[in-house]
Structure formats: structure tokens, C-alpha cells
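Here's a quick briefing to read alongside the model. Keep the 3D view open and follow along topic by topic.

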Amino acid sequence: MDSKKRYELLFNNINQYNSDEGTAGITRLAYSNEEQSCTHAFMRMCMGEHLKIHMDQCGNVIARREGKVKGLPPVVIGSHLDTVYQAGKYDGVVGVTAALEIIRRLNEKEIETDHPIEIISFACEESARFGVSTVGSKAMVGKFDHNRYRNITDKDGVTMEKAFALCALDFNSVEQASRVNEEFKAFFELHIEQGPVLINQEKKIGIVTGIAAPLRLHLKIKGKASHSGTTPMGMRRDALLGASEITLALEKAAKQEEEFGTVATLGVLEVHNSAMNVVPGDVEAKIDIRSASMASRQRVLDYLNATIEEIKINRQLDIESIEISNEEPVLLSEAINEQIINICEDKNISYQVMQSGAGHDAMNMTKLCPVGLIFIPSVDGLSHHPNEFTSLDDIMLGIDVLEQAVLHYSKADATNL
Ligand SMILES: [Zn+2]
């Protein structure tokens, strides 16, 4: 069977596992029956390719194809099979199925690599069920937080510990999933972009330099609620106007940092006790600033803070800014990216060097080895939505590039690391 037809069957097979059958979307929540059936089906498919299969205590599946030189560390390809509620078919699935297709190609061509090759299907990448993302890869790099995760619940009140138990996974033994003491040659993830850059630039491959991490702020803006008819314009302490100025300042600051791919959003705005005849006196806002460059992100924050100080005086407002989260951006391997650029140029495939605004398992894997993250186009930049779409041809091109990268790094004398 030709590779494209075979891949299409595999892709459709995986997406049969869906708790929302009859609707347009795919729902395959982490540790749910559908996700577990899907994961076990995937394990049997890997067995069919003579891979050695292991599921760790976090539910990550590791499928290994031995290399011909004893003792060499594996080249790893991974992504995830779980989804958000009412998801599309591509996020995560593309990366896991691409890995299996690459193994099938090697088996078909009877290619023996020097290094072993591993596929990892990571557990619970999406935060949809428990509010925590990339749980499986966190466990693998020794960052699983037992105390924090044990009692967090899904929307039906099921704790993460209970969800593990229902999958016969031992929550208290999750540290066994850690592979921090093992050696790895390289890690690769193929993923849909989930943004509009590749489609708009008409590029087929995205080569990711870094994964942006969010800095999140919660603003509490207090002015004075007063009668909208009787309070003259010059005597108002309007908290919403303060928030509005902050929103525009944030846009301006982020636009000045466009060359670094920095983005900033005020996505939550609540006007308390609002009424048409009341000057808003109490407003809360939430801000998300992301960049793969810490310095660029800091410049946006500095500009924002300076604006807030001015607004406090000019509008006589009390503004409290609380940091909700402050994560560090992750840089991916420059050497691997150079290699992927070489592959694209050799094959005459258009590419774009870019950063990722969304988190991925690849970001945790940078703790273990050099990492390459390859994007393929998302139509309309749409993701986490039933209409998420990437053409089969674009996926096949992504698989070709990934296969070349894996083949390069699975040679004992591979350069560019
Ligand atoms: Zn994903």
C-alpha cells in the first residue's frame, strides 16, 4: 500500500475513538475510556510493527525499535492522542501517527538504524480535563507535582488520582516514569501550527526556534462609582476608562516588539456592579503576555507598568497588579533547526523559522536532550475546534521532513547536534 493511503487509514482509525460521536468534534479526554481504548489500539498497532511496548505509571506509551549498534541512546518522536472537548482531528494525533508511519516506512524498506528509535504517545497533554497540561512529559522529566495534582478534579468531581486508578496506573509510583537518568540522542515533535502564520505566508514547514511562555497578570482597578448624569466629566474616577487605556497601551507595547514574535492580550474584563447610569468604579482585568524572548516580554511589562503609574495619577485610580504566572520561555536546538533547514532546502520545500505561542510536550523534553519541533499549516489558524484542518498532502510533507531528520540523527556519526 502506498504511504499516503496507509497513513490516511491510520489517521481515520485513531479518530474513531470519540466520546462525542454524532457531533462534528472529537472528544478524547485524558484517562477517559475513549482515550484509553485509543491508546491501547495504538499500542497494538506498534506491536504489529514489532516494536517493544511499555506503558509507564503516568500512562505514557513508549514503543521502541532497536538499533543495530548496542548501547546508543534513542532518537525519540512523540506527541499526544488526548484532546480538549469538541476538538479537531489533528492536534497531537498528527505527531503520534507520523511517528508510526515513519517506523512502517523503515520496516518496509528494511532499514536498520544505528540508534534505536522510540515513539512516545504522551498522556494528558491537554489541560481540558484537569486544568494541567503536558502531564505525561512533565512526569518523564521528573516534574510531576504529586501534592498539587493528587486532588485536582475534573468537572464531574473525579480526582486525578482516581482517574489514574481507573486506568490501573499507580499515582504514587509516577516517579518511575521519570527518565532523567537516561540518555537521549534527540527528540522530535511534528505538530499542526494552531496559528495562521504558515497558511498566510504560504509556507509548508514551520521550524520552531522557541516556545513562548506566558506572563499573566490580574489587575484590580478601583475608582469611584458615581451617577452618570450628575458627575461632571472632569470629576470622575472611571475605572473602565483606566482599563481601556491599559488595553491600548498593551497593544502598543506588544506591536513595538513584533519582530520578536511577542504578543499581549487583555482577554478578561469584568465591570462590577455595572449599570448604564453608573460611572464604573470597580473593574478587574486579566492580561497574558507571551514571547520566546524574556527581554522582549520584560520590555512590554515595563511599558505596561509605567502606563499604569501614569493612569493612577491622571485618573486618580487605585490599581493593583498581581502576577498569576511567570513561566520561562524554552529555546529549541539551533543545530537541529539548521539540519531541518538543510532538509527543506534539499527537497525544495518552503519553510518559515518561527516561534510557538502554544505549549507542547517538546518544551518539557528540552530538559532531557536537544529538541526539534516542526509545524505544518493549520487552515485559518484554527485549532481546538471541530473545523481544525490540515490537508493530507501537507501532513505527508511534514512526515517526509521528519523522517529525514530522524534518519539523519539515527546515524552513529550524525553531525549537527
Ligand atoms: Zn497538541
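Let's start with a term: two rings of Phe, Tyr or Trp (its six-membered ring) pair if their centres lie within 6.5 Å, and the planes count as stacked under 30 degrees apart, edge-to-face over 60 and tilted for the rest. With that in hand, the structure holds ten aromatic pairs. Keep in mind that this is a predicted model, where local features need pLDDT of at least 70, side-chain atom pairs count only at pLDDT 80 or more, and totals for chains, interfaces and linings use all residues. Residues are numbered from 1 along each chain as its sequence is written, and side-chain values use heavy atoms, with hydrogens and water left out.

**Aromatic pairs**

- Y7 and F11 make a tilted pair, 6.1 Å centre to centre with 35 degrees between the planes.
- Both Y7 and F11 sit in helix α1 (residues 3-14), four residues apart, which is about one turn of the helix. Helices (H or I, at least four residues) and strands (E, at least two) are DSSP runs, numbered from the N terminus.
- Y7 counts as buried because its relative accessibility is 0%; buried means under 20% relative accessible area, exposed over 50%, and partly exposed in between (1.4 Å probe, protein chains only).
- F11 has 7% relative accessibility, so F11 counts as buried too.
- Another pair is F188 with Y409: the ring centres are 5.7 Å apart and the planes are at 40 degrees, so this pair is tilted.
- F188 belongs to strand β5 (residues 186-192) and Y409 to helix α12 (residues 392-409), so the pair ties together parts that are 221 residues apart in sequence.
- Both F188 and Y409 are buried.
- Y31, F144, Y149, F164 and F171 come together in one aromatic cluster.

**The zinc site**

- H80 (NE2), D91 (OD) and H191 (NE2) coordinate the zinc ion at 2.0 to 2.2 Å. Donors are N, O and S atoms within 2.8 Å of the metal (3.2 Å for Na, K and Ca), and water is not among the atoms, so sites may look incomplete.
- Along the sequence, the zinc donors follow the spacing H-x10-D-x99-H.
- H80 and D91 are both buried.

**Helix α3**

- Why does the span of helix α3 (residues 93-108) agree with what it should be? At 1.5 Å a residue, its 16 residues should span 22 Å, and the end C-alpha atoms are 22 Å apart. The expected span is 1.5 Å times one less than the number of residues.
- α3 is mostly covered, with 14 of its 16 residues buried.
- Just after α3, E110 takes a positive phi of about 55 degrees.
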